[in-house]
Amino acid sequence: MLREPAFDWTIIVLTCQHKDSVHAFQRELEIRQQRGGLSQKTLLLTVSDPQEPGLGSGGATLNALLVAAEHLSARAGYTVVSADVLDDAYILILHMGRDFPWDSCGRAFCWLPIEKPAQTVQGPVCCLDVLLDCLSNQVCPGSPAGVWLCSTDMILTIPTTFEMSWEGFSGVRVLALPGDVSYATNHGVYLADDQGGVRDIIYKASEERIRQAAKPDGTVPLVSGPVFFCRRVLERLLKAHVTPPLDGCTYMGIDSGAPPVQISLFLDLLMCLCSDLTESEFVNGERSGSSSPVGPQGAVVRSARALLWRILRGTALHMVDVPGGQYDYLTLSGKEHVERLTKMGKRDTLSHIQNAQAVSDGGRVINSVLEGDIRVASGAVMQHCCLQGSLEVHTGCLLSGLELNSLQIQPLCLSNDVILQGRRVQLGEMKLTVYTVLGAHDDLKVSCDMAGATFLNRSWSELYSRTGIQPDDLWGPGRSKSLMEARLFPVFRPRGGCVGLEMGVCWFLGGPGELEHWRAAWRLSLQEVLCLTDQEGERCWKEALFFQAGRRRVTDNLKNQSDRGMLPIFRAAVLGGQHTELLRTLDSIASSSQENLGVAARCLACIADILGCLAGEGRGGLRSGPAANPSWRHAFSLLEQGDLPGGVQALASERNNWLSRPDLLVRAARHYEGAGQVLLRQAVMSSQRFISIGQGEVPPLGEWQHVECPARLDFSGGWSDTPPIAFEHGGAVVNVAVKVDGRRPIGARACRIKEPRLLLVSSNGEHEGAVATETVCERLEDLKDHCVPHAPGALLKAVCVCSGLVTYPSQQSLEEQLLQRWGGGVEIHTWSLLPHGSGLGTSSILAGAVLAAVYRCTGRTYDTDSLIHAVLHLEQMLTTGGGWQDQVGGLVGGVKLGRSKARLPLRVDVERLPLSQDFLLSLQNHLLLVYTGKTRLARNLLQDTVRRWYSRVPSIVENAGQLVNNAEECASACKEGSLSRLGACLERYWAQKKVMAPGCEPAAVRTMMDALRPLALGQTLAGAGGGGFLYLLTREPLQGEVVRQILNNTQGLRDFSVHSVELDMEGITVTKSS
């Protein structure tokens, strides 16, 4: 599992063979830094060997060390290379090594079928990333300043328990992972003494010789890559760049006219430190894998070795064994590579697969777009492909780099164990794609004359017999007659242009073809293809496919209403400059989602996220803010009118005017969130179909309809009732109706009056000291702000419109409507004994009370189910949002479980829990309310939580499921009559609320809860949190006075009050009076 890096490198240097690769590989490193995989402070450099063919791993090390020291010296203000910059530098040098036939960007950038967990910016995981993770988090932490060296041609696995001691260390340290003797014969091992001192390095020797290094368990310590040079050794090595003949290993020496010299890291630089070797053995020894000390360059090689001996001899070389570690070298075997990929990770990595069922669990699809009936068998791999049509990919196959439509793919007929690759090459000024096909069992290096030599897993003689190709067609005089050197693959026809699959690949696979056409084409060997690879073209192809697949996955996620988070995709697109295409994709999905406004709303929220990403983290202002700029009014108007395509297009047109600065981008994001709220309201308003209102006898003028409601306490599941969570995930809430201090705290009354007007009176507090606000509506225009939440009398105005008391807008005047429908006006009074922001559901319950009073005073009939959905509809009209649990809690008596399914239209089903009288009495005696003295700010909490849900932040998605599960557990606890289980549910619920809305626990509330914890089975803030009322389920009954004493004695608490709770089994009640 990849982690955030624990080790900050001063500089990372990546060495590569070809100078044409530098730009592509440097870009790969920079992308990783942009995505957060590497520290922003780390200097990144890609350095090619100053001479081709290369200078060996040792020469590349000396050159990389010089380049690193030069850049650090320049940064420090020196005018010459100074070793002083190495004093506190942590340098990592990574060697790319030789070309890799199975991935055009080399072993380091070979994509793996795994994804980094919890990544903030989506990106691939390559072998390099796994290696960096291993080095930065397991191997290197704790080491002193110096240089770490490692090749990128393998995958290291280090046990999590592995630790190294660095106390008093000086010299050079190497890591050795265990391997078996047979494997080591084609590799290298360290021969060490009992203290870990390296006596010799044995490379590609006989089994007998390898066994000299065996440990008691029979394994041998493999030469595994990581090497550390301490600061003192680095200063000695750095001197080599001005000392012949080692100056020929560096670009400065080459630029100064020094002859190039090849030096091996392990068989020269490290070998001279081995205690068993004499100077003569080191300088004059012939070693496989190292430059020969005899022959044309022998004198230079001997001189270079002698200089190394003088510079380094006497430095301690110490081996650290890594028990349980694994070393997987990426060999030239196609079979091994396919098996490696199919044994790790998951089936689908960073891909879009139209027919996902056609890919077996044992198959792997990496960074690909597959449209049509593309079938991938177990043990097969597809990577970096864009395919349309019908194709069967059999076991053991690897398809890579292909872009084929249904016509191009039709003649392709694959068998098992075929490796088919499209490779981007550059011939002079021409950039072309050459298609290569090989067998997974083919040995690329063996001569075709050797027994067992194959092409496409069959003997060469079969190829000659079937096609008429002759060896002279493939190999010129003096060329190695290996598959690597065979000029098999046509790339260009002088008279016909580029070559597709049919001339080479399909013919080799048994399809039709003509020998003369094949002979007339320019052809390349695999070796030439690797040398001519357009690395930047390969990188761009993979990157373009990555973003294309990302857009397709976004489309799939939205249309399938998936809970997968997409912010990492958005951030990657913004960093890669691909946001324009992604925005167009989201515009298109939103415009075509008329049948599911929830999807359209989520699309607009996604666009807001992308605009926020474009602004930059922490730049441009806060995401929450106003969204009523006149420039956006036209687009909002179209959405309000139900013209979804027109509204989305108008939003996109206006968006183009807001992309130039971070502050404008953030303001545009706010307006997209506002537009999404318009669609969300329309989606929730579909619940109107569950409102059934009848018409009965209209009461006489002056007869008051009195409505009283209890408050509600939410026991579990809150937030899951909030749109869009309620209809995208599904919700479940357990709550209870309660009287506070023996009274129903919420009420309304209404009656018809003679005057054709609306008299609206709202009051807060006790009747004697109540503060009343009176609003008189005599003209229809007075209702125009009925959907502005903070307008005077907004709730009552919204009830007048939502209930059908009047119609707004209308051609009829208010007076005409009231006289025609009701024979006069209506007077409405509301009150609440609870403080603002109590968290006890006041506003929604009050809305239900007012609706009930208006319905009754106009002679209309309703049931509680209709009232619950009417409140939901009303709150969307009022633009306050919110869920359904508050009105369920206050309109339905007792303890109940409300549920909504994951679908539109949003419907709420309520189950009153059948509880014993003994349990209800016990529950009442153990419940206490404490007013915290803090005002709750639910609006900001709601906006932030909905934004995080739309972004599908993983913690929010997981928590939504846990909220619903906890509600079901809470209902079960109540039915069982278990206060202890109920208390545990309350504790879980409070933890879940804090995940849903970080910041909902003020410091004073935390102090209060800590003080009360010894008394409580469970406790939580009511509602969304942030302030208002705290309620607790006490261990002992009737603990009001004890709680009051504890809080009085707790420092820093003030303005709190303790209140009794009485369960209300009736819910909403209606009476009448004259």
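I started with Arg-744. At 14% relative accessibility, Arg-744 counts as buried (buried is under 20% relative accessible area, exposed over 50%, partly exposed in between, with a 1.4 Å probe and protein chains only). This is a predicted model, in which local features need pLDDT of at least 70, side-chain atom pairs count only at pLDDT 80 or more, and totals for chains, interfaces and linings use all residues. Residues are numbered from 1 along each chain as its sequence is written, and side-chain values use heavy atoms, with hydrogens and water left out.

**Salt bridges**

Which residue does Arg-744 meet in a salt bridge? I found Glu-708, at 3.9 Å from N to O. A salt bridge here is a side-chain nitrogen of Lys or Arg within 4 Å of a carboxyl oxygen of Asp or Glu. Arg-744 sits in the loop between β30 (731-740) and β31 (746-753), while Glu-708 is in strand β28 (residues 704-709). The two are 36 residues apart, so I noted a link between distant parts of the chain. Helices (H or I, at least four residues) and strands (E, at least two) are DSSP runs, numbered from the N terminus. Glu-708 is partly exposed at 35%.

I then looked up Glu-371 and Arg-552. Their side chains form a salt bridge at 2.1 Å, N to O. Glu-371 belongs to strand β15 (residues 369-376) and Arg-552 to helix α18 (residues 535-559), 181 residues apart. Glu-371 is buried at 16% relative accessible area. Arg-552 is partly exposed at 28%.

My next pair was Arg-1006 and Glu-1001, with the closest N and O atoms 3.2 Å apart. Arg-1006 is partly exposed at 38%, and Glu-1001 is buried at 15%.

I also traced a network of salt bridges through Asp-609, Arg-623, Glu-673, Asp-944 and Arg-947. The count for the structure comes to 58 salt bridges.

**Helix α22**

Which residues of α22 (residues 633-640) are buried? I listed Ala-635, Phe-636, Leu-638 and Leu-639. They cover an arc of only 160° around the axis, so they lie on the same side of α22; the arc is that of the directions from the helix axis to the C-beta atoms. An α-helix has 3.6 residues a turn, so residues three or four places apart point the same way. Arg-633 and His-634 are exposed on the other side of α22. The cover over the buried residues includes α21 (597-615), α23 (644-655) and α24 (662-684), where contact means heavy atoms within 4.5 Å. Just after α22, Gly-642 takes a positive phi of about 90°.

**Aromatic rings**

I turned to the rings and found 23 aromatic pairs. Rings of Phe, Tyr and Trp (its six-membered ring) pair if their centres lie within 6.5 Å; planes under 30 degrees apart count as stacked, over 60 as edge-to-face and the rest as tilted. Trp-166 and Phe-228 are edge-to-face because their planes stand at 75°, with centres 5.1 Å apart. Trp-166 lies in the loop between β5 (154-157) and β6 (172-179), and Phe-228 in strand β9 (residues 220-230), 62 residues apart. Trp-166 and Phe-228 are both buried.

Tyr-931 and Phe-1029 make a tilted pair, 5.1 Å centre to centre and 55° between the planes. Tyr-931 is in strand β38 (residues 927-931) and Phe-1029 in strand β40 (residues 1029-1034). Phe-1029 is buried at 2%.

My last entry is a ring cluster that includes Trp-518. Arg-523 lies over the face of Trp-518, 4.0 Å from the ring centre (NZ of Lys or CZ of Arg within 6 Å of the ring centre and within 35 degrees of the ring normal).
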